[in-house]
Amino acid sequence: MQITAHAPVSPKTISAFLRSSWLSWTIAFALCLSAALVGIEAWQMWHVREASLRSANIVTASLAESLSQQIETTLKTADTVVATLVQRVEVEGVNLETLQRLYGLMTSLASALPAIHEMGLTDKDGNAIVKSMVPHPVGMNYRERDYFRFLSSHDTRDVFIGQPVKSKVDGSLNITVSRRINAKDGSFAGIVVTSVSMNFFRKLFETVQFKSGGFISLVADNGMLLASIPDSFGDGELAALAAAPAGALEYLSPKDSLNRVGASNHLSHYPMTAMVAQNSSAVLSGWYGQLPVHGAIVLSILMVIGVLGYRVDQANRATRLQALRDGLTGLANRRCFDETIEREFRRAARNGRPLSLIMVDVDLFKTFNDQYGHPAGDACLRAISAGVQGVLRRPGDMAARYGGEEFAILLPETDVAGAVQIVGDMQAAIRTLAIRHEAGPLGVVTLSAGVASWCPGRLTATPAWLVEAADAALYEAKALGRNSLTVRPNVEIAAPGSPIERKNAA
């Protein structure tokens, strides 16, 4: 006898069952590993960024301290010269011989000290009586200068640091360092003043900037910008740096809204502050250059993890699929059926939709085996399995080998009428196979089936009840004859003792 056996079909219901739990442990582990890798790399890169900013902050702080010390030394030198001249004038007076010696001394000091632009002596009315580089300073009066107004009205022996002023000799910008001269009776007698060139500080800043880069400024305590490199830097920068949160490594520049790393140092004895800053983008240029490299490395590792995770997951799913599939027929096995009916029962209860079950048995299969042999019986079961699977219309429908020659077909959201239609299609499909069975009622292999249906809300039931009802209907069908169908619907719909019966003729 020749039997045409269809290749085992991979049941769609098993695939749907596996997809219902798509987040497998393998995928979850791969995702966690990827997230951990990205998190660690991001933390490390951020740590490198912060370390770069801290290093730049240390450098700017050191430069600001060094510059403030140099500026303070320069001003201290100018103050020492002024204090010495004041003492000399108060002791020797301002006779003609003294004024000539003072002119020579001031001129030589102004030439010898690069930071000092000019020096001078005024009387109590602000008239210049001695001026370095100017032999006869006739008509030069400094009454309007801030240092003259302050010292003439305050009896103080302290140094006065004035605001930047333009020289009346050459128009250059300078800072004045001045002290008051008192007469023997303690009254105001004049002022000795020294001008410290802003150009000297600019050259100093340019030298430092050439070696270290960045921005440098000297700011008075009243907020006035005294000197800066470049010229556009400094206005409001010190205030912005002071307003930054405590511990912040960067501040936002009010000039161009760029982030900068900055530090300042106030002079110990003079009312001014040295400030040094660098653009954060320049500090982090190396860090920015590393980002694409690290990003490419992380992306490559993530791709490897993804590929390996996918392959392991597919292997796990294939193993699990084998564990849920009957080895002979390719249909879902008993374990898969038991898990699926539990899940579909809960879903039907939630949605209020019907759930039907068909139990199918091959008629006189023992006789078939005895007559044609077990290999032919196995081929027959495979062909029947393919025929049963072929009539199922929806992915949620499940055909499973329940045991031996018995099959279970689970039909979610299907009522009795729909289940009966499926049975008719299965019986027709199996008869079409025309598998010869001389002991059968039609001379070919046929099926008998029992149908049970449950509709939530009309009857309290369990999956076991549904299986028992369908199995009981199957035994009733076999008792009535072969190639038969018996329906066991919801007991509250059909009256007890009046099952719907239908016998299909060839």
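This is a predicted model: local features need pLDDT of at least 70, side-chain atom pairs count only at pLDDT 80 or more; totals for chains, interfaces and linings use all residues.
Helices and strands are DSSP runs, numbered from the N terminus.

**Stop 1: residues with a positive phi**

Select Ala 434. Its phi is positive, about 55°, although the residue is not a glycine. Ala 434 has a relative accessible area of 47%, and is therefore partly exposed.

Next, select Asn 483, which lies in the loop between helix 13 (463-480) and strand 16. Here too phi is positive in a residue other than glycine, with a value near 55°. Is Asn 483 buried or exposed? Its relative accessible area is 2%, so Asn 483 is buried.

**Stop 2: a cis peptide bond**

Move to Ile 229 and Pro 230 and display the backbone. The peptide bond from Ile 229 to Pro 230 is cis, and its omega is near -5°. Pro 230 is placed in the loop between strand 8 (225-229) and helix 6 (237-243).

**Stop 3: aromatic pairs**

Show the side chains of the aromatic residues. The structure holds eight aromatic pairs. Begin with Phe 150 and Phe 160: because their ring centres are 4.9 Å apart and their planes stand at 25°, this pair is stacked. Planes under 30 degrees apart count as stacked. Phe 150 belongs to helix 4 (residues 146-153) and Phe 160 to strand 3 (residues 160-161), so the pair ties together parts that are 10 residues apart in sequence. Phe 150 counts as partly exposed, at 30% relative accessibility, whereas Phe 160, at 16%, counts as buried.

Now select Phe 345 and Trp 454. These two residues form a stacked aromatic pair, with 4.1 Å from centre to centre and 5° between the planes. Since Phe 345 lies in helix 9 (residues 334-351) and Trp 454 in strand 15 (residues 447-454), the pair ties together parts that are 109 residues apart in sequence. Phe 345 and Trp 454 are both buried.

Select Phe 365, Phe 368 and Tyr 372 together; ring pairs link these residues into a cluster.

**Stop 4: arginines over rings**

Arg 260 lies over the face of Phe 215, at 4.6 Å from the ring centre. Arg 334 lies over the face of Tyr 402, where the distance to the ring centre is 3.9 Å.

**Stop 5: nonpolar cores**

Which members of the largest nonpolar core touch the most other members? They are Ile 358, Ile 384, Ile 409 and Met 426, in a core of 33 residues. Among the elements that give two or more residues to this core are strand 12 (355-362), helix 10 (365-372), helix 11 (374-390) and helix 12 (416-433). Centre the view on Met 426: leaving aside neighbours within four places in sequence, Met 426 is in contact with Ile 358, Val 360, Val 388, Val 391, Ile 409 and Leu 447.

Another core lies apart from this one; its 26 residues include Ile 161, Val 208, Ile 216 and Leu 267.

**Stop 6: an arginine in a loop**

Select Arg 393, in the loop between helix 11 and strand 13 (398-403). Arg 393 counts as exposed because its relative accessibility is 52%. Apart from neighbours within four places in sequence, the contacts of Arg 393 are Gln 421, Ile 422 and Asp 425. Between Arg 393 and Ile 422 there are 9.1 Å from C-alpha to C-alpha, and the two residues are 29 apart in sequence.

**Stop 7**

The largest pocket has a volume of about 220 Å³. Fifteen residues line this pocket, and Val 89, Gly 93, Val 94, Ile 181 and Ala 189 lie nearest its centre. Which element supplies the largest share of the lining of the largest pocket? That share, four residues, comes from helix 2.

Finally, turn to the largest cavity, with a volume of about 110 Å³. The structure holds one cavity of 30 Å³ or more. Of the 15 residues that line the largest cavity, Glu 118, Lys 131, Tyr 142, Tyr 147 and Ser 195 are the closest to its centre. Strand 1 provides the largest share of this lining, namely three residues.

Definitions and conventions. Residues are numbered from 1 along each chain as its sequence is written. Side-chain values use heavy atoms; hydrogens and water are left out. Rings of Phe, Tyr and Trp (its six-membered ring) pair if their centres lie within 6.5 Å; planes under 30 degrees apart count as stacked, over 60 as edge-to-face and the rest as tilted. Buried means under 20% relative accessible area, exposed over 50%, partly exposed in between (1.4 Å probe, protein chains only). A charge sits over a ring if NZ of Lys or CZ of Arg is within 6 Å of the ring centre and within 35 degrees of the ring normal. A nonpolar core is a set of buried Ala, Val, Leu, Ile, Met, Phe, Trp, Tyr and Cys residues joined through side-chain atoms within 4.5 Å. Contact means heavy atoms within 4.5 Å. On a 1 Å grid over the protein atoms alone, a cavity is a set of points where a 1.4 Å probe fits but cannot get out, and a pocket is an open set with protein on both sides within 12 Å along at least five of seven lines; lining residues have an atom within 4 Å of a point. Grid points are joined across faces, edges and corners, and a volume is the space filled by probe spheres set on the points.
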